[in-house]
Each structure stands twice: as C-alpha cells, then as structure tokens.
Amino acid sequence: MLTPPITSRDHVTGNQQGSTEIVEYGDFQCPYCGEAFGIVRDLLQSLSNVKFVFRHFPLAESHEYAMDAALAAEAAARQEQFWPMHDAIYQHQQELSDDLFSKLAQQLHLNLEQFKEDMQDNQLVSKVEADFESGIRSGVNGTPTFFINGKRFNGDYRNLLSAVRH
Amino acid sequence: MLQNGDKAPDFTLAASPDKLVTLSDLRGKNVILAFYPADWSPVCSDQMALYNEMLRFFERYNAVLLGISVDGAWCHKAFTKDRNLHFDLLADFEPKGLVSRLYGVYQDGVSQRALFVIDDQGVIRWSYLSPIGENPGADGILQALESISTTA
C-alpha cells in the first residue's frame, strides 16, 4: 500500500479532483522511466479523471545524474515549474550532464540564480530522500513503480492505460 | 528455512579475495542477510542496487547488510566494482552452499532469494523467502528493524 497516501507535499498533475489516483516512483535517469514518461503523457491526454503524482526514487549509486535531476525538478518547483522541468528532463534524458539543468532552467525562464541556489539547498535533498523512503515503505523495489488508488500495480507499465480503464 | 526466534548459525565467509567476515564478530549490531541466486542476473542486480541505496537507512537501525550467494570471491569483486556496491557480498562457494544450507535456503545449486534480520544478540527476528524471480524490496526489512528497535 502507498505509504503515506497523497499529501499536500506531493506534485500533482492531470485532474486535481480526479477519481483515479496514480502515483509514480521514478528516477530521471532510468531508461524505463523515460519510456514510461511517454506512456503517462498519453494516458493523461486520453483520460480526464486521473490525478497523477510523481515521487522521487533516485538510484543515485547506479545513475550519476539521478539525484541532481531530482533536485532540479524540486528547485523548479519552488518557482512553480515542477512539471515543465520534469517533462524537460525526460525529454532530454539522453543528454543528461552537469550543465543540462541550468540550460533547461533558462529555457523555462526560471530565475537562474535562485534556481542554482535552491539546487544546493539541503531541504530539497531531504524532500527527495523522504520520497525515496516512502517508496521503500510502500514496497517499491525498482523504477518505475506505479500505484493505482494506493495499490501497487505489478503489471507491465506499458499496460498502465488498460489497467486504469479496467 | 530458519525462522523468527532461531539462533543464527555462525559462519565465516570470504567477502573478497583477502577479507573474511565472521557473523559472531558482528554481535552488538543488527545484521541483514540477503541470500540471492547469482551475481549479474537481472533481478538480483536490481535488488542489490536497491539495497545499495539504502545503507544509510539501515545504519539508522544499527544494522549491517551482507549479501550471500554461491558466486566466488573474484566474481563478487567484479560485480561489486561494476555496480558500485558499498556493502560486502559473501562467497558461499567452498564447500558450495554450506551456509545457505545451514539457513535452509539452498536449492537447485543456488541460494534462494531469502532475507533474514538478526538482532544484536545473534537471534533471527524475521525471515522471508521470496519467489526466486521477484525482487522482495526492503519494506519487510525496515519493519523488522523497527520492531527490534522498539522492543529493545
């Protein structure tokens, strides 16, 4: 079961009042999450009743940019641009580098100085780690892992749409 | 398979070509034993990669993680380096599977995918046998460590 359930700390997109709640635990450098990104985008376009939440699950020892990417998304969130940054990172997943995040921040017209300062903020590290720990407690064992209405979806994420429609 | 309340059988195994680990030397710490079938196979790799990210959570509970498979010490060494692992993988290699047998988790020539949480007195407090193709995650381990720390 999803622990804790969706809270006000979570980043929500789709239909905020949607009756179907999907939570993804993802890593920005994980290629499967990159594939799932497109699947989720299509799903949100075709279903109007889905409330979608993304929580961080960076495998930082395996993926050198996973943690910085998560921090970049959180830093963008401080300027109300979590989802544009989330999308931009996945769209540029093949080009991950130390410089990419500032470049994306510029493209999103963020206050760059503030963004760079926030990337160094330990509070954001704690937030990402809290997401990770909640994932462990919820039974996440790899990425991406999806929860549909609080219950772990054990099927192939490519079939997420049909599972939700069902 | 040994269960909650059983005394954890002592053992000494190679953690690398030049390092031995003895379970009873770790008395005073909680120990997580993660038996798994083989280095390099996909599910094990994900499981070990996950635990590798969790070492700081385990430390909070005064716990040490040890992976165990029948792979040899040199194989473990290469795997550890490739995956950037920061915990010991023990070689249950000679005689093959001896420790896995002691814990009742040896079958078909390999260690089963089994987890044990042992308390600081050397008593098993939780064990779990996972389907061999399934990554058991770590929620059970954290719950077991939590219950040890609240009853201590």
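The legends below describe close-up views of a predicted model. Local features in this predicted model need pLDDT of at least 70 and side-chain atom pairs count only at pLDDT 80 or more, whereas totals for chains, interfaces and linings use all residues. Residues are numbered from 1 along each chain as its sequence is written, chains are lettered from A in the order in which they are written, and side-chain values use heavy atoms, with hydrogens and water left out.

View 1. Leaving aside residues up to four places away in sequence, Tyr32(A) touches Thr143(A), Pro144(A) and Tyr157(A), where contact means heavy atoms within 4.5 Å. Between Tyr32(A) and Ala69(A) there are 37 residues of separation in sequence and 16 Å in space, taken from C-alpha to C-alpha.

**View 2. The salt bridge between Arg60(B) and Glu133(A).** The side chains of Arg60(B) and Glu133(A) meet at 3.3 Å, N to O, a salt bridge being a side-chain nitrogen of Lys or Arg within 4 Å of a carboxyl oxygen of Asp or Glu. This pair crosses between chains, running from helix H2 (residues 55–60) of chain B, which holds Arg60(B), to helix H6 (residues 122–138) of chain A, which holds Glu133(A). Arg60(B) is exposed at a relative accessible area of 55%, while Glu133(A) counts as buried at 17%; buried means under 20% relative accessible area, exposed over 50%, and partly exposed in between, with a 1.4 Å probe and protein chains only.

**View 3. The salt bridge between Glu146(B) and Arg137(A).** The closest N and O atoms of Glu146(B) and Arg137(A) are 3.1 Å apart. Because Glu146(B) lies in helix H5 (residues 139–151) of chain B and Arg137(A) in helix H6 of chain A, the pair joins two chains. Glu146(B) is partly exposed, with 29% relative accessibility, and Arg137(A) is likewise partly exposed, with 24%. Glu133(A), Arg137(A), Arg60(B) and Glu146(B) are linked in a network of salt bridges.

**View 4. The salt bridge between Arg158(A) and Asp156(A).** In chain A, Arg158(A) pairs with Asp156(A), and their closest N and O atoms stand 2.8 Å apart. Arg158(A) is partly exposed at 44% relative accessibility, and Asp156(A) is partly exposed at 34%. Over all chains, a search of the whole structure finds 14 salt bridges.

Notes: Helix = DSSP H or I, 4+ residues; strand = E, 2+ residues; numbered from the N terminus.
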